[in-house]
Amino acid sequence: MAIVVRHACLLDLDRRSVQAGELSIRGATIAAAGPRVEVADGDEVLDACGAVVMPGLVNGHTHLYSALATGMPPPAGAPHGLHEILDAVWWRLDRALDLPLCEISALIGGLEALHCGTTTVIDHHASPAAIDGSLDTIEAGLRIAGLRGILGYETTDRNGPDDCRAGLAENERYLRHCLARQNGWFAAMVGVHAAFTLSDASLAAVADLAARHQVGVHIHVAEDPCDDAICRQCYGAGVVDRLTRAGVFDLPSLLAHGTHLTRSDWDRLTDSAITLAHNPRSNMNNAVGYTPLGHVRRPVVLGTDGIGSDMLAELATAWYKSRDGGAGLSPDALVDMLAESARLAGRLLGVRLGTLVPGAAADLVVTDYVPTTPLDADNLAGHLIFGLGARHTRSVMVGGQWRLRDRSWTGGDESELRRRATTEARRLWDLMQAEPRP
Ligand SMILES: [Zn+2]
């Protein structure tokens, strides 16, 4: 039995194409796509009524642990700069996380992602009080929500050498687990917080772990000037030199932000194997500045850095900020970041994402966006930036299974889950309040 989506406006991000047509889904993949597909007796048929149907979106860099942070009490005082914000907010939050909080954060973060048409997340996790098994716990939450994930633990020395060893061990354990099963749903990268919180020996250890398993390192790089400044002050070399020496750029690593990498840094990185994750809303929220995307000669993916998983909101902000910052990027270049996020995740998971061709994963977003102006391959970017939004997400399929049907989660009682999450969020905030002030 197949699932057939009829009367759709098929929008393919990878091929940047738009066509009126139909899809047939068998099992976990798209079996046929075209102006008409066969419908057999017993097939489930969904009429898209002329609305856009597109591949599931991919969040190229996020922190699911921030899912319960919405509306939490502000930090005491007014932190200045990223380092103080991390100290006063995010490092207090991650220290308070236990495994149940990790799981509900991933579940709620995954659910919110589904409602925005996001079906895969590349996550960067930290929970210093509950490191061992935390990536399995994040996976469990995402699995209940119904998403795919690429996970890594933020290895760091900031909580001492034992925590660093535990972070490395968690990355290695989960990495081996993913490589052994290769199920197309979950994969691993070696997570690293940022160079300024790791010694040279620790950086070498994470790069060695990634190289041994032929995966990349997922790390924050030059998000704020403090990364380079602390590297120079404490380790006698700048962030790019340190990561170069460790071998991070020889790997297919994912660098989040790169906000303060210079033109000459990017010239050095042109022949590297890295991908940049651009997170414009987070950069604006932390007032760290605008990433010089015009200098980047490597693939760029789009991420939210923990501000939900609304990739179309992130795309629109990326566009406005590129205009405001005078980056001189085309709308198509920004949309390609969405496509690149899917390509990267697809490579890591071993499935084809971001496209609607036969053989691709059946990760679909059925919207209620029926264009009111002409829509074709030439102006697709204009519709994605100025027209289509998360509010248009109607039904979402991941791996051939409906996870949202007519805006309702198919995995259980969403209202009850939200009530449970609110109780857990209160518990998390209380734990944070009980933390000693820095
Ligand atoms: Zn981040």
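Q: How many helices and strands are there in the chain?
A: In this predicted model, the chain holds 13 helices and 18 strands.

Q: What makes the chain as compact as a globular protein of its length?
A: The globule rule gives 22 Å for 438 residues, and the radius of gyration of the chain is 21 Å, which is close to that value, so the chain is as compact as a globular protein of that length. Along its principal axes, the C-alpha trace spans about 65 × 45 × 45 Å.

Q: What share of the contacts with a separation of 6 or more comes from residues 24 or more positions apart?
A: Such residues account for 75% of the contacts in the chain with a separation of 6 or more.

Q: Why is Leu 380 called buried?
A: The term requires a relative accessible area under 20%, and the value for Leu 380 is 0%, so Leu 380 is buried. Leu 380 lies in helix H12, which covers residues 380-386. Leaving aside neighbours within four places in sequence, Leu 380 is in contact with several residues, including Leu 11, Asp 12, Arg 16, Val 335 and Leu 375. The C-alpha atoms of Leu 380 and Leu 13 are separated by 9.1 Å, although these two residues are 367 residues apart along the chain.

Q: What makes strand E16 largely enclosed by the rest of the structure?
A: Of the 6 residues of strand E16 (residues 393-398), 6 are buried, so the strand is largely enclosed by the rest of the structure.

Q: How do you know that E16 pairs with strands E15 and E17?
A: Two strands pair if there are at least two bridges between them. Strand E15 (residues 364-367) is joined to E16 by 4 bridges, and E16 is joined to strand E17 (residues 401-405) by 3 bridges, so both counts meet the cut-off of at least two. E15 and E16 run antiparallel, and E16 and E17 also run antiparallel. Met 397 in E16 is the bridge partner of Leu 364, while the bridge partner of Met 397 in E17 is Trp 402.

Q: What do E16 and E17 form, and which residue in the turn has a positive phi?
A: E16 and E17 form a hairpin with 2 residues between them, and Gly 399 in the turn has a positive phi of about 55°.

Notes. Residues numbered from 1 in each chain as written. Predicted model: local features only at pLDDT ≥ 70, side-chain atom pairs only at ≥ 80, totals over all residues. Heavy atoms only, no water. Rg over C-alpha atoms; globule rule 2.2 N^0.38 Å. Contact = heavy atoms within 4.5 Å. Buried < 20%, exposed > 50% of the residue type's maximum accessible area, 1.4 Å probe, protein only.
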